[in-house]
Amino acid sequence: MNDRQSYRVRMTGISKRYNTIQTLDDVSLTLKPGEVLGLVGDNGAGKSTLSKVLSGAVIPDSGSIEIDGKAVAFASPADSRAARVEMVYQDLSLCDSVDVAGNLFLGREPRRKMLGMPFLDKPRMHGQAREMLDRLGIVIADTRLKVENLSGGQRQSIAIGRAASFDPSVLIMDEPTAALAVAEVEAVLDLIRTVSARGVSVILITHRLQDLFLVCDRIQVMYEGRNVAERQIEDTSIEEVVNLIVGRKFSARSAGRGQDNGVQA
Ligand SMILES: Nc1ncnc2c1ncn2[C@@H]1O[C@H](COP(=O)(O)OP(=O)(O)OP(=O)(O)O)[C@@H](O)[C@H]1O
Ligand SMILES: [Mg+2]
C-alpha cells in the first residue's frame, strides 16, 4: 500500500470565497482509517465549511479530494453518501414533527406491497429502529416518540444514529456535544469510540477542548480559513491547544507578525 492509498481522506488546497470573505484559504486535511481527528478553531474559522466540502454540501472554488486514493468531486450530499461519507450537521436537520423511527429512516422507509401497492411497513421500521439504537447504545424508550418531545441529547443521538446507519467509512460530527448534559456527552464520546474501533474515520468539531483528549488521535487547528497547526494528541496539552486557537491573534497584534508561539503558517 503506498502512502496515498493509506489515507481514507486526503483534501488538498481547498479554497472557498463568499463575497469578500475568504472562508477557506488553501486548506488541507488528511484522515486515516479508524482515526479520530479533532478539528478546532475559533468561531468563523471555517471548520463547518471545510466539513461541508467533504460532505458535498459546499462546492469549493478550488482544491482536490481523494477517498481511499481515488479522486472524487462531490456535487451534493448524495454524492458523498455514495462514497460512504456522512455528516451530522451543526443544526442537526431533523424533522421535529416526525417520530424517532421516521427520522432514522427519512427518505428510505421500509415498504411492503399490499395488492401491488407499496405501503409503509411500520412494524418493520420500528423494529429496525430499535435495533439501530441498541447497536449504538442509544437509550430512547419509544421509537414512536416525536423528535420535538426529545431532550437535546436524545435529538443529537438520533442525528448521529441516522448518520451511522448509512454504514459510513467517514463520519463528520459538527459540535455534537454542544448543549448536552454530562451523561449525554459521555454517550456521544462512547459512540465515537465504538465506531472508530470498527474502522470508521471520524472528524469531530468541538469547542469542548477537554473532549479532544478523551477520543481524538490527532487535532488540526484552523484560524481565519487557514490550517495553523496539527498535533498528535499525545504531543499536546489543553493549554497549547488554547494558544494555537487564539495565540496567533495575540502574537500578531503584539509582535506585528503571526509566526510566534510555534504556530506554523
Ligand atoms: N453560505 C455562506 N455565505 C456567506 N458566508 C458564509 C457562508 N458560510 C460560511 N460563511 C462565512 O465563512 C466563515 C466561516 O464559517 P464556518 O461556519 O465555516 O465557521 P466555523 O469554524 O464552523 O465557526 P463556528 O465555530 O462558529 O461554528 C464565517 O465568517 C461565515 O460567516
Ligand atoms: Mg461551525
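Where is the place of Gly116? In this predicted model, Gly116 sits in the loop between β7 (111–114) and β8 (117–120); helices (H or I, at least four residues) and strands (E, at least two) are DSSP runs, numbered from the N terminus. Gly116 counts as exposed because it has 5 C-beta neighbours inside 10 Å. The cut-offs here are 20 or more other C-beta atoms within 10 Å for buried, 12 or fewer for exposed, and partly exposed in between, with C-beta atoms placed from the backbone. From Gly116 to Ile67 it is 49 residues in sequence and 41 Å in space, C-alpha to C-alpha.

A word on conventions. Residues are numbered from 1 along each chain as its sequence is written, while chains are lettered from A and ligands numbered from 1 in the order in which they are written. As the model is predicted, local features need pLDDT of at least 70 and side-chain atom pairs count only at pLDDT 80 or more, whereas totals for chains, interfaces and linings use all residues.

The protein splits into domain 1 (9–96 + 153–255) and domain 2 (98–145), with bounds that come from an automatic or database domain assignment. Between the C-alpha centres of domain 1 and domain 2 there are 29 Å. Where the two meet, domain 1 puts in 13 residues and domain 2 puts in 11 residues, contact being called if C-beta atoms, placed from the backbone, lie within 7 Å. On the domain 1 side, α5 (152–164) and α6 (182–197) are the elements that give two or more residues, and α5 gives the most, with 6 residues.

Next, the sheets. An open sheet of 6 strands runs in the order β6-β9-β10-β3-β11-β12, with mixed pairing; strands pair if DSSP finds at least two bridges between them. β6 (85–88) and β12 (226–232) are at the edges with a single partner strand each, so one side of each has no neighbour in the sheet. On average, neighbouring strands of this sheet are turned by 20° against each other, direction ignored. Within the sheet, β3 (residues 36–41) and β10 (residues 201–205) pair in the parallel sense over 4 bridges, and Val36 has Val202 as its bridge partner in β10. Helix α6 lies across β3, β9 (170–174) and β10, at about 155° to β10; axes are lines fitted to C-alpha atoms, for helices over the stretch in contact, and angles run from 0 to 180 degrees between N-to-C directions.

Elsewhere, strand β1 (residues 9–18) is joined to β4 (residues 62–67) by 5 bridges in the antiparallel sense, with Met11 opposite Ile65. β4 is also antiparallel to β5 (residues 70–72), over 3 bridges, and here Glu66 has Ala71 as its partner. β4 and β5 make a hairpin with 2 residues between them, and Asp68 in the turn has a positive phi of about 50°.

Finally, ligand 1. The residues around ligand 1 include Tyr18, Gly44, Lys47, Ser48 and Gln90, the cut-off being a C-beta atom, placed from the backbone, within 6 Å. β2 (21–31) and α1 (47–54) are the elements that give two or more residues to this shell, and α1 gives the most, with 3 residues. The shell divides into 3 nonpolar, 8 polar and 1 charged.

Methods: Nonpolar A, V, L, I, M, F, W, Y, C, P; charged D, E, K, R; others polar.
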